[in-house]
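Take a look at the model below. This report walks through some of its contacts, from charged pairs to rings to the ligand.

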Amino acid sequence: MSKYKNNILILFAHPALQKSRVNRHLITYVRNIEGVTFHDLYEAYPDFHIHIKKEQNLLEAHDIIVLHHPIFWFSTPAIIKEWFDLVLVHGWAFGREGRALQGKKMLSVISTGGRESLYQTKGFHGHTIGEFLYPIQQTARVCRMDYLPPFVVHGTHTLTPEEIGAYGREYQKIIAALRDGNIDLEKAREYPMINVHLKEILTAEENG
Ligand SMILES: Cc1cc2nc3c(=O)[nH]c(=O)nc-3n(C[C@H](O)[C@H](O)[C@H](O)COP(=O)(O)O)c2cc1C
């Protein structure tokens, strides 16, 4: 039995981490938190030969699943799609008998090159980032998971190192609060992103 309320699995995907400005730093804030398993999919499967049983065992052993990746073409990097297609099988993840993921929480942690102003109904991309994440949200729903509002870093190209650090600290706080159950999830669901009104959704213990 873990000493933490929730075990967290971070599934991270970035196909060119050596070129990353933002996510390379963000992961340093969470990869060594106790109670968190950090799993880099491109590192584990450079040839895309995903070990399905190993991935399913990992999912079963954790309460909260974090999908962390940059947005590529309004979607995920390819390995996450491959992972969904192979790992989330009928009779295990979904379907009448497929209840392995039931009740687990899913959190998307994403970064976009585009600024937030582009991700508006009347903006250049015509949709909010939450709308672009509908395939993930609905996948979670079909697997009877509880989908949380995403952690979003917009406008990566112009972020300063200080701003990236601030996002990293927020990410760290949210992961620790989710692990310890010190987050007001009902309040969080009132907002489109988990990282916009952080002080409001972290319970006193975590804010202190
Ligand atoms: C192949 C590719 C596709 C991309 N597609 C999008 C996109 O659809 N929307 C967007 O806002 N940014 C897009 N970007 C920008 C990335 O989201 C951005 O570079 C990334 O979030 C920055 O994180 P990093 O510094 O860790 O690489 C794309 C970048 C690449 C390389």
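The side chains of Lys 3 and Glu 34 form a salt bridge, 3.2 Å from N to O. A salt bridge here is a side-chain nitrogen of Lys or Arg within 4 Å of a carboxyl oxygen of Asp or Glu. Lys 3 lies in the segment before β1 (8-12) and Glu 34 in the loop between α1 (23-26) and β2 (36-40), so the pair ties together parts 31 residues apart in sequence. Helices (H or I, at least four residues) and strands (E, at least two) are DSSP runs, numbered from the N terminus.

This is a predicted model: local features need pLDDT of at least 70, side-chain atom pairs count only at pLDDT 80 or more, and totals for chains, interfaces and linings use all residues. Residues are numbered from 1 along each chain as its sequence is written, and side-chain values use heavy atoms, with hydrogens and water left out.

**Salt bridges**

The count comes to nine salt bridges. Three of them are listed here.

| Pair | N to O distance |
|---|---|
| Lys 3 and Glu 34 | 3.2 Å |
| Lys 105 and Asp 146 | 3.4 Å |
| Glu 200 and Lys 187 | 3.7 Å |

Lys 105 and Asp 146 also belong to a salt-bridge network with Glu 186 and Arg 189.

**Aromatic rings**

How many aromatic pairs does the structure hold? There are nine. Rings of Phe, Tyr and Trp (its six-membered ring) pair if their centres lie within 6.5 Å; planes under 30 degrees apart count as stacked, over 60 as edge-to-face and the rest as tilted. Phe 151 and Tyr 167 are edge-to-face, with 6.5 Å between centres and 75° between planes. Phe 151 sits in strand β6 (residues 151-153) and Tyr 167 in helix α7 (residues 161-180), so this pair ties together parts 16 residues apart in sequence.

Is Phe 151 buried or exposed? Phe 151 is buried, at 0% relative accessibility. Tyr 167 is partly exposed, at 21%. Buried means under 20% relative accessible area, exposed over 50%, partly exposed in between (1.4 Å probe, protein chains only).

Ring pairs also join Trp 73, Phe 74, Tyr 119 and Phe 132 into a cluster. Trp 73 lies in the loop between β3 (64-70) and α4 (78-87). Trp 73 is exposed, at 79% relative accessible area.

**The ligand**

A polar side-chain atom of Ser 111 lies 2.6 Å from a ligand oxygen atom. For Asn 23, a polar side-chain atom lies 2.7 Å from an oxygen atom of the ligand. Gly 114 uses a backbone N or O atom, 2.8 Å from a ligand oxygen atom.

Definitions and conventions. Polar contact = N/O pair within 3.5 Å; in protein donor to acceptor, adjacent residues only side chain to side chain.
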